[in-house]
Amino acid sequence: MVKIAFDAMGGDLGYQEMVKGAVMAGGNDLEVILVGDESLLKAEIIKHNDINHISIVHASQLIEMDEEPANAYKEKRDASITVATRLVKDGLADAVISAGSTGAQMTAGIFVLGRIKNIKRPAIATYYPTANGIKILLDAGATPDCDKENLLQFAQMASIFGKSFLKMKNPTVGLLNIGSEDKKGSILYKETFKLLKEDATLNFYGNVEGRDVPKGKVDIVVCDGFVGNIVLKLMEGLSSVLLKQIRENIKKKFIYTVGGLLSKGAFREIKAQLDYTEYGGAPLLGLKGISMISHGSSDAKTMMNAIFAAKKAVDSKFNEEMIKYFEGE
């Protein structure tokens, strides 16, 4: 049985929503270990049925979103994200998930789990829907300032993750740039292009532009965390705005409303494909354990899917494959 350590105190919507998500994940051959204020969590859990798959580990502190992660980690040793991550380190859980501070989760991941040998910096790998299926973008915010070796390792880690977790046979890798030509971009991106091209283990496509990301031109889009986070949030915002405009325009004329009713099923499928809540969480690659990051505004459904994503990550054994690759085992 897979055991998921769940930072129940993280997230904008409060521990009540986190508990609800954990309850909704029941009956799927997994155990959810809620980490946080034991008295609050116990009082909330008894409001639900079917909770045999849930246990609680007490943590007396919480790292807030606006706290500086490194300092908060040092000052709050009993923070829920730290305690949850320690459960993975100690072998009491197989993965950790949180919708709390991404910086705090990354800090706990690095200092508690540790980086895989030879990995310089971790990266957040976001998998997202495109016109050509599910693709991967990284880094989505863990490492804003990168060098060429960081970007090369991001591509290598994403290729392993794509093969194991998403069952991509020979994933193509694209370097996000301001043009598709080989010589485009800053000095960093020109140097990274050369490294990616020279790596025989990668199926390197070349440079890709921003418009290629939603088209799904390549399986893996590599960029630094500053650019990746902006791209990701732009796509989230654009999809929500487009869906809202469609709903509003359908109401303007009777004929539009009739057409909308006839197309309701198609719109529902599109909404589900574009909805980040369907995907739950993104793994922080490069650690000696699985740490899944969820959106701060995640609701119960999102966290349920995050639990399922964490279980899938454990079952896929992608981290074991990554350790073998980088540690040369």
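D212 counts as buried, with a relative accessibility of 7%; buried means under 20% relative accessible area, exposed over 50%, and partly exposed in between, for a 1.4 Å probe and protein chains only. The structure is a predicted model, in which local features need pLDDT of at least 70 and side-chain atom pairs count only at pLDDT 80 or more, while totals for chains, interfaces and linings use all residues. Residues are numbered from 1 along each chain as its sequence is written, and side-chain values use heavy atoms, with hydrogens and water left out.

**Surroundings of D212**

D212 belongs to helix α8, residues 212-215. Helices (H or I, at least four residues) and strands (E, at least two) are DSSP runs, numbered from the N terminus. The backbone nitrogen of E209 is reached by the side chain of D212 at 2.8 Å.

**Packing of α1 and α2**

Two packed helices are described by the angle between their axes and the distance between the axes. For helix α1 (residues 15-24) and helix α2 (residues 38-45), the angle is about 55° and the axes lie 10 Å apart. The arrangement of α1 is therefore oblique to α2; angles under 35 degrees count as roughly parallel, over 145 as roughly antiparallel, 65 to 115 as roughly perpendicular and the rest as oblique. The axes are lines fitted to C-alpha atoms, for helices over the stretch in contact, and angles run from 0 to 180 degrees between N-to-C directions.

The crossing of α1 and α2 is right-handed. In the contact between these helices, Y15, Q16 and V19 of α1 meet L40, L41, E44 and I45 of α2, where contact means heavy atoms within 4.5 Å. By class, 5 nonpolar, 1 polar and 1 charged residues make up the contact of α1 with α2.

**Backbone features in loops**

Most residues other than glycine have a negative phi, and most peptide bonds are trans.

| Residue | Phi | Loop | Relative accessible area |
|---|---|---|---|
| K167 | about 60° | between α6 and β8 (172-176) | 61% |

A cis peptide bond, with omega of about 5°, joins L138 and D139. D139 is located in the loop between β7 (133-138) and α6 (148-165).

Methods: A polar contact is a pair of N or O atoms within 3.5 Å; within protein, one must be able to donate a hydrogen and the other to accept it, and residues adjacent in sequence count only if both atoms are side-chain atoms. A crossing is left-handed if the near helix is turned anticlockwise from the far one by less than a right angle, and right-handed if clockwise. Ala, Val, Leu, Ile, Met, Phe, Trp, Tyr, Cys and Pro count as nonpolar, Asp, Glu, Lys and Arg as charged, and the others, Gly among them, as polar.
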